[in-house]
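I opened my notebook on this one and wrote down what I looked up, in the order I got curious. Have a look at the structure first, then read along.

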Amino acid sequence: MIEPRTYIINMKLPSLNQYIYKCRANKYGSARYKKEIQNNIAIFLNRMPIYENPIYIDFLLIEQNKRRDFDNICFSKKFILDTMVQLGKIQNDSWGYILGFSDRFCLSKEKVSKVILTIFEKRKEETNEYYRFKNNHRKAIITPGDKKFN
């Protein structure tokens, strides 16, 4: 594994509830709102290198109080991943480029909301080994289309 890198987004990102409210208020306003948020995030992620290999991201979401629920807070990773794609830091935010992520939450002593990303990049040979493992175990997963499922 390549040495992990850490990035700090020093701003309070919108929750899912805030985004839904914007979407319901005006369909064009929600697109403008998303673009505005992504432009703000881009300021913090501009110095990030381009990741050629698949990555795993640890999100540490720091809140100033307990008013927002965990599931609403972690929605902000949608904006972060879309910004990384927009900036060309990752090629795509699909399964082939993002191996997974974890969410951790804590309260800020300074009463400031922010997000700390720790990105782990897999080497090419590690990635091939991961996909070999995943493909061998895919047969054990039952999906609605399988005969065993019905």
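**Entry 1: around Leu-45.** I asked which residues Leu-45 contacts once neighbours within four places in sequence are left aside. I got Tyr-7, Ile-9, Ile-80, Thr-83, Met-84, Leu-87, Lys-89 and Leu-117, with contact taken as heavy atoms within 4.5 Å. For "buried" I use under 20% relative accessible area, for "exposed" over 50%, and for "partly exposed" anything in between (1.4 Å probe, protein chains only). That core has 27 residues, and Leu-45 is among the members touching the most others, together with Ile-41, Ile-57, Ile-80, Met-84 and Leu-117. Its residues come at least two each from β1, α2 (27-45), β2 (55-63), α4 and β4 (114-121). My helices (H or I, at least four residues) and strands (E, at least two) are DSSP runs, numbered from the N terminus.

**Entry 2: ground rules.** I am working on a predicted model, where local features need pLDDT of at least 70 and side-chain atom pairs count only at pLDDT 80 or more, while totals for chains, interfaces and linings use all residues. Residues are numbered from 1 along each chain as its sequence is written, and side-chain values use heavy atoms, with hydrogens and water left out.

**Entry 3: confidence.** I checked pLDDT, the predictor's confidence in each residue from 0 to 100. The protein averages 85, and 81% of the residues score at least 70.

Entry 4: In what order do the four strands of the open sheet stand? I read β1-β4-β2-β3, with mixed pairing; two strands pair if DSSP finds at least two bridges between them. β1 and β3 are at the edges with a single partner strand each, so one side of each has no neighbour in the sheet. Neighbouring strands are turned by 15 degrees against each other on average, direction ignored. Axes here are lines fitted to C-alpha atoms, for helices over the stretch in contact, and angles run from 0 to 180 degrees between N-to-C directions. I found β2 and β4 antiparallel and joined by eight bridges, and I noted Tyr-56 opposite Phe-120 in β4. Helix α2 packs on the sheet, touching β1 and β4, and its direction makes about 140 degrees with that of β1.

**Entry 5: helix α4.** This helix lies across β1, β2, β3 and β4, at about 135 degrees to β2. Eight of its 11 residues are buried, so α4 is largely enclosed by the rest of the structure. Ser-76, Phe-79 and Leu-81 are among the buried ones. Just after α4, Gly-88 takes a positive phi of about 80 degrees.

**Entry 6: charges.** How many salt bridges does a search of the whole structure find? I counted five, each a side-chain nitrogen of Lys or Arg within 4 Å of a carboxyl oxygen of Asp or Glu.

- Lys-77 pairs with Asp-103 at 2.5 Å, N to O. Lys-77 is in helix α4 (residues 76-86) and Asp-103 in strand β3 (residues 98-107), so the pair ties together parts 26 residues apart in sequence. Lys-77 is buried at 12% relative accessibility, and Asp-103 is partly exposed at 29%.
- Lys-78 pairs with Asp-82, the closest N and O atoms being 3.1 Å apart. Both lie in α4, four residues apart, about one turn of the helix. Lys-34 joins Lys-78 and Asp-82 in a network of salt bridges.
- Arg-68 pairs with Glu-63 at 2.8 Å, N to O. Arg-68 is buried at 16% relative accessible area, as is Glu-63 at 6%.

**Entry 7: Leu-13.** I ended in the loop between β1 and α1 (16-25), where Leu-13 is found. Is Leu-13 buried or exposed? Leu-13 is buried, with a relative accessible area of 4%. Not counting residues up to four places away, Leu-13 touches Arg-68, Ile-41 and Ile-80, among others. Its C-alpha is 7.6 Å from that of Lys-114, 101 residues apart along the chain.

Definitions and conventions. A nonpolar core is a set of buried Ala, Val, Leu, Ile, Met, Phe, Trp, Tyr and Cys residues joined through side-chain atoms within 4.5 Å.
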